[in-house]
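I opened this entry to keep track of what I looked up in one model. The structure comes first, then my notes.

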Amino acid sequence: MIKNRGVKITVGNQSLHTFDNLNLYMLPPKISHPVRKTKEIDIPGADGNIDLMQFILDYPVFKNRTIDIEFRIYNRVIYHEKIVSKVSNFANGRYVKIIFDECPAYYFVGECTVGALTHNEGYGNFTISINAKPYKLAVQTVDEDYLWDSFDLASGIIYSKVLCQYVDGEIADEISNPSSLCDIPITDNQIEVNVLNMPVSPIITVKGDNCILVYGNSSYTLIGSPAGNANSPDVKLLKGRNVLRIKLASGSSNASVTLSYRDGVF
């Protein structure tokens with residue numbers, strides 16, 4: 001693994017790599033830890049304050065985090081301004097996605113600000129800052145095949161497809177039972193999903209007849225179609241073990257169900 005080699009910056013469908021394209025030397029980035037959002041009120045006659053957020057949501061939410069990345073330019077001085085201008089024209093004030101070479105399995109998203117160029121003896125330097133979302137997101141969703149060329153033993157996670165299949169009203173025997181850091185065993189029509197950290201709202205695609213999703217004390221109709229129909233039920237899967245039950249709707253007999261979401265971690 002090459003530490004601190006560079007970072008890939010993506011705006012829309014265009015990308016720029018700070019080392020491969022610009023030969024910039026990247027210093028170790030400074031990435032702040034997310035701070036939990038609070039809404040405190042002072043109750044007269046009571047000790048301390050009360051945080052209203054704990055009554056609004058049953059999971060914590062976080063403020064944006066700051067990422068500062070300092071670069072050094074070792075080209076001839078006459079090229080320093082051109083290089084910084086190129087980075088600024090590409091990313092300054094833009095909503096970007098960044099992937100560090102040392103952590104290729106995840107990316108950050110946020111607004112980019114390019115700092116001023118300063119000159120030192122033998123090199124120039126400047127900093128880009130990202131007002132980033134609190135979680136870094138997995139490059140792949142849980143239903144995508146893993147990109148082995150970006151596998152990283154320290155942070156890489158292999159995901160497998162989640163599949164629940166019914167044939168002639170009976171759950172199929174040939175259901176895959178993935179074994180990975182995101183273990184998703186399927187027993188009968190019960191699916192256990194282990195979310196790494198960030199609460200996620202899954203996309204559930206039903207190919208075939210309609211199905212019913214049961215999560216907690218609530219149930220949701222999942223509309224199917226021959227080609228596969230994507231459903232976005234009002235479901236939030238929280239960190240850790242989540243148990244979902246999927247069953248055929250009344251009058252349905254054949255369906256396959258795929259669940260997809262993108263994990264996020266600190």
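**Whole chain**

I began with contacts in the protein chain between residues at least 6 apart in sequence: 65% of them join residues at least 24 apart. The model I am reading is predicted. I counted two helices and 23 strands in the protein chain. Of its 266 residues, 43% count as buried. For the accessible surface I noted about 14700 Å², with 49% belonging to carbon and sulfur atoms.

**Strand β18**

I next looked up β18, residues 211-215. Five of its five residues are buried, so the strand is largely enclosed by the rest of the structure. I recalled that side chains in a regular strand alternate between the two faces of the sheet. In β18, C211, L213 and Y215 lie on one side, I212 and V214 on the other, and both faces are covered.

I then checked the partners of β18. It pairs with β19 (residues 218-222) in the antiparallel sense over five bridges, and I found T221 as the bridge partner of I212. The two strands form a hairpin with two residues between them. In that turn, G216 has a positive phi of about 65°. β18 also pairs with β21 (residues 240-248), again antiparallel and over five bridges; here Y215 stands opposite L244.

**N125**

I located N125 in strand β11, residues 123-132. Is N125 buried or exposed? It is buried, because its relative accessible area is 12%, under the 20% cut-off. I found its side chain in polar contact with that of T118 at 2.8 Å and with that of N120 at 2.5 Å. Beyond its neighbours within four places in sequence, the contacts of N125 include E70, F71, R72, A116 and L117.

Technical notes. Residues numbered from 1 in each chain as written. Predicted model: local features only at pLDDT ≥ 70, side-chain atom pairs only at ≥ 80, totals over all residues. Heavy atoms only, no water. Helix = DSSP H or I, 4+ residues; strand = E, 2+ residues; numbered from the N terminus. Buried < 20%, exposed > 50% of the residue type's maximum accessible area, 1.4 Å probe, protein only. Polar contact = N/O pair within 3.5 Å; in protein donor to acceptor, adjacent residues only side chain to side chain. Contact = heavy atoms within 4.5 Å. Areas by Shrake-Rupley, 256 points an atom, 1.4 Å probe, with all protein chains shown as cover. Pairing = 2+ DSSP bridges.
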